[in-house]
Number of protein chains: 2
Amino acid sequence: MVTLKDIARQAGVSIMTVSRVMNDQQGKVSPQTAEKVRRIAEEMGYIPNSSARSLAARSSKIIAVILRDEPAVNPLEIPYNSAFLGRIIRILPAYGYSIMVHFVKDFSDITFWLKSWNAQGAVFLGIFDREIRQIRSDNQIPLIFTDSYSNVRRIDNVGIDDYRGGQLAAECFLSHGHTCLAFAGPISTGVISERLQGFSDALQSAGHPLSREQTHAFPDRSAEEILRTILKSDPRPTGLFVTSDDFAAEFYSAAAKCRISIPEDLSLIGFDDFPISKTLVPPLTTIRQDIDEKARQTCRILLDRLKNPGSPTENLCLDVALTERKSVKECNP
Amino acid sequence: MVTLKDIARQAGVSIMTVSRVMNDQQGKVSPQTAEKVRRIAEEMGYIPNSSARSLAARSSKIIAVILRDEPAVNPLEIPYNSAFLGRIIRILPAYGYSIMVHFVKDFSDITFWLKSWNAQGAVFLGIFDREIRQIRSDNQIPLIFTDSYSNVRRIDNVGIDDYRGGQLAAECFLSHGHTCLAFAGPISTGVISERLQGFSDALQSAGHPLSREQTHAFPDRSAEEILRTILKSDPRPTGLFVTSDDFAAEFYSAAAKCRISIPEDLSLIGFDDFPISKTLVPPLTTIRQDIDEKARQTCRILLDRLKNPGSPTENLCLDVALTERKSVKECNP
DNA sequence: CTGAAAGCGCTTACAG
DNA sequence: CTGAAAGCGCTTACAG
């Protein structure tokens with residue numbers, strides 16, 4: 001292993017001079033010396049020891065990505081999570097950061113991992129609303145949350161307009177003449193209840209309120225069960241809003257099993273606009289969110305906060321849009 | 001920040017004693033002292049500094065997961081990669097390891113990240129066949145490859161019987177009376193060319209060789225293009241083997257566009273047996289690989305090698321199996 | 001512009 | 001069973 005000491009000896013300077021060159025503190029080292037040191041470091045294949053740097057400078061260049069781990073499903077098998085993580089890993093290393101990924105069940109693990117590695121900052125994926133206050137007070141580093149509906153005011157967060165997403169879905173159904181509708185998704189979480197609220201409010205103000213019986217808890221109940229319930233209902237919904245594209249895919253499959261046709265017998269709107277929505281037959285009408293932009297903004301805020309810890313917190317709400325495809329039929333009453 | 005020193009002072013012992021207790025070197029510390037130190041550490045909320053430990057002990061407790069980054073598609077948006085990574089992250093932290101994830105375009109980055117963080121070991125996802133020799137010689141730590149068809153003999157690798165997978169697909173088609181078949185996938189990689197070879201060999205020995213024209217490069221050409229080519233062919237293939245389930249999904253979509261029915265007009269077999277294959281309509285017949293087992297074996301070998309660097313390398317080949325669903329029709333000639 | 005000293009929080013190796 | 005010393009590879013803070 002090549003160390004500063006080895007280079008210093010070769011170059012006939014002190015390790016401080018080498019250290020300065022390696023950290024690009026130009027102006028503090030004469031150009032000739034800098035050039036020479038750089039050349040020798042290159043020749044010897046010098047690679048800085050991050051642990052030593054982290055220890056001495058109290059600056060680890062590690063960003064932790066924390067994902068909530070639920071037993072039922074691996075966090076990285078949720079397409080949204082893996083897409084988001086993938087984007088982040090394409091951005092931050094360009095700024096010299098390394099990414100550590102942690103799944104947490106118990107939130108006290110968070111502090112352990114962050115402190116143990118002296119992480120410089122962290123990005124949170126999944127619902128941590130109830131623990132945010134505690135996490136914040138335990139860890140005095142930049143923490144960027146995503147999709148949080150916590151009422152803690154001073155947090156950095158990047159989310160989308162879930163409420164508006166619900167509205168858009170309702171408006172789309174209404175404009176195609178649908179008046180009796182249904183909703184399916186994991187209702188308990190903040191994100192989803194906003195989508196439901198937007199959906200429900202828009203229907204309400206159009207005079208076609210969403211009934212309680214047509215608010216279905218998925219995946220607690222299977223797509224097929226929910227579908228059969230819908231088909232037996234009176235009045236019978238003609239459209240179903242599902243809170244993600246991969247969930248919607250399961251309803252396509254259930255529809256085939258029940259021998260009903262999309263959109264003829266039931267229209268469908270999804271959420272996310274993932275690649276799968278184009279692939280479904282018929283292609284899925286869905287509410288688009290811009291994951292790429294979301295990841296970029298998350299990294300930007302993190303990088304800002306790292307430079308400038310005192311600046312005001314940001315709670316971003318990105319817009320969503322309707323991507324219209326073929327899963328909503330024209331309803332002529 | 002609480003350090004060994006703080007605890008030592010409180011407990012009235014030296015930091016060495018505290019260090020021994022923290023590292024569970026039982027038998028080297030009197031039970032009473034150990035108990036007392038443990039209690040005080042707990043009370044003070046002690047969290048070991050991993051950087052300091054890494055520096056002093058030359059043992060970082062970091063495992064790097066290296067994914068090949070191609071510009072066209074984010075590595076974590078390939079369902080196989082994110083599922084595999086997800087499994088690994090559920091296993092290794094239980095042994096005290098932290099996971100760093102790196103995307104690499106240029107393989108010289110690998111050595112930089114591994115050495116800079118003094119990683120204890122690394123797992124590779126994606127094709128590194130050509131660089132394996134170099135990576136090996138640059139990094140004298142346990143490196144576990146996956147799905148490698150490198151001819152370097154002494155490497156740890158966990159793969160599956162891709163050749164057999166191809167055979168199984170062929171046998172399934174043949175047993176349902178199909179004799180004119182087609183193949184689609186990214187042919188250039190080792191994994192895929194094995195699947196192709198197995199498929200092609202099995203057809204050959206059954207007297208129904210796969211024609212060159214029916215070996216399609218996907219996704220270089222789109223599913224729709226390939227499908228149209230197949231439909232125009234004479235003789236016209238009745239079955240298509242696609243090298244992954246998510247690719248197969250695109251052929252379902254293309255089939256709908258071309259107004260042909262699966263499996264009536266074209267039968268399909270996929271690969272992986274991902275959740276999506278159950279959701280497709282009709283459900284996809286596919287070659288199952290056990291990702292969970294693959295991840296477990298990868299971690300087991302890594303952990304073994306970490307304990308016992310000298311033990312012989314392992315190159316595991318896991319079995320695959322046919323999962324029969326509804327996308328292959330009975331062909332009566 | 002350059003360097004000697006001290007120290008980051010821990011472990012290794014030795015002495016008792 | 002316990003501890004004093006030295007050192008891991010780097011940076012901070014100071015002196016010149």
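Predicted model: local features only at pLDDT ≥ 70, side-chain atom pairs only at ≥ 80, totals over all residues.
## The surface near DNA strand C

Helices α2 (15-22) and α4 (50-57) of chain A each supply at least two residues, and so do α2 (15-22) and α4 (50-57) of chain B. The largest share comes from α4(B), with 5 residues.

In total, 26 residues surround DNA strand C. The closest are A:S14, B:T3, B:S19, B:A52 and B:A56. By class, this surface has 15 nonpolar, 9 polar and 2 charged residues.

## Where the chains meet

The contact between the chains takes 38 residues from chain A and 37 residues from chain B. On the chain B side, α4, α5 (79-91), β2, α6 and α11 (245-257) each give two or more residues. Helix α5(B) gives the most, with 7 residues. The side of chain B that touches chain A has 20 nonpolar, 12 polar and 5 charged residues.

Strands also link the two chains. β2(A) and β2(B) run antiparallel, joined by 3 bridges. Here A:V101 stands opposite B:I99 in β2(B).

## Helix α6 of chain B

Helix α6(B) spans residues 108-116. Its buried residues are B:I110, B:W113, B:L114 and B:K115.

Definitions and conventions: Residues numbered from 1 in each chain as written. Chains lettered and ligands numbered in written order. Buried ≥ 20, exposed ≤ 12 C-beta atoms within 10 Å, placed from the backbone. Helix = DSSP H or I, 4+ residues; strand = E, 2+ residues; numbered from the N terminus. Near = placed C-beta within 6 Å. Nonpolar A, V, L, I, M, F, W, Y, C, P; charged D, E, K, R; others polar. Contact = placed C-beta atoms within 7 Å. Pairing = 2+ DSSP bridges.
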